[in-house]
Amino acid sequence: MPISMSYAEDGQIIHLIITDPWSLDEMTKLYIEQRQHLTAAQNKVHTLLDMQATHQMPSGLLSARQGAPTVSHPNAGELAIVGAPNFVKALADIGFRLVRFNRARYFDNELAAWSYLRENLLAD
């Protein structure tokens, strides 16, 4: 499966792993479950997006970013993105600016991303 999703830290972190080849349809199918999880949450829910095995981006990604619950939901917290290539960062930054989302951070390794998110859990 090119996109896997699980929950960590008692559901306070959504962990997404994306590997090539993946499609926009596969990503948006997860939005329903993410939205339900965020709506049921009592606190902010952070997201760790692991893109270390991603080297391509499907077309139409910017338009789909607007509906991503991990960005648009009121209970959405920080977004830690691991291993995104520079062109992915550039595209993501455009999408984040369009929806006025300023809680995304990029990390070179997964350990640093987990540490960052866990610090934010303590701050919540």
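## Getting to know a predicted model

Reader: What radius of gyration does the protein have, and what would a compact globule have?
Author: Let's start with the extent: along its principal axes the C-alpha trace spans about 35 × 30 × 30 Å. For 124 residues, a compact globule would have a radius of gyration near 14 Å. The value for the protein agrees with that, as its radius of gyration is 13 Å.

Reader: What percentage of the contacts between residues at least 6 apart in sequence join residues at least 24 apart?
Author: Here we look at contacts in the protein between residues at least 6 apart in sequence. Among these, the share that joins residues at least 24 apart is 77%.

Reader: Where is Phe101, and which residues is it in contact with?
Author: Phe101 sits in the loop between α5 (86-98) and β5 (104-107). Glu78 is 23 residues away from Phe101 in sequence, and their C-alpha atoms are 9.7 Å apart in space. Setting aside neighbours within four places in sequence, the contacts of Phe101 are Thr70, Val71, Gly77, Leu79 and Phe96.

Reader: Is Phe101 buried or exposed?
Author: A residue counts as buried when its relative accessible area is under 20%. Phe101 has a relative accessible area of 6%, so Phe101 is buried.

Reader: What kind of aromatic pair do Phe96 and Phe101 form?
Author: The structure holds two aromatic pairs, and one of them joins Phe96 and Phe101, with 5.4 Å centre to centre. Phe96 is buried too, at a relative accessible area of 3%. Planes under 30 degrees apart count as stacked and those over 60 as edge-to-face. With 45° between the planes, the pair of Phe96 and Phe101 is tilted.

Reader: How far apart are the ring centres of Phe107 and Tyr116?
Author: Phe107 and Tyr116 are both buried. Their planes lie at 45°, so this pair is tilted. The distance between the ring centres of Phe107 and Tyr116 is 5.3 Å.

Reader: How far apart do the centres of the positive and negative side chains lie?
Author: The protein has 10 positive and 13 negative side chains.

Notes. Residues numbered from 1 in each chain as written. Predicted model: local features only at pLDDT ≥ 70, side-chain atom pairs only at ≥ 80, totals over all residues. Heavy atoms only, no water. Phe/Tyr/Trp six-rings, centres within 6.5 Å; stacked < 30°, edge-to-face > 60°. Buried < 20%, exposed > 50% of the residue type's maximum accessible area, 1.4 Å probe, protein only. Rg over C-alpha atoms; globule rule 2.2 N^0.38 Å. Contact = heavy atoms within 4.5 Å. Lys, Arg positive; Asp, Glu negative; His and termini not counted. Charge placed at Lys NZ, Arg CZ, Asp CG, Glu CD. Helix = DSSP H or I, 4+ residues; strand = E, 2+ residues; numbered from the N terminus.
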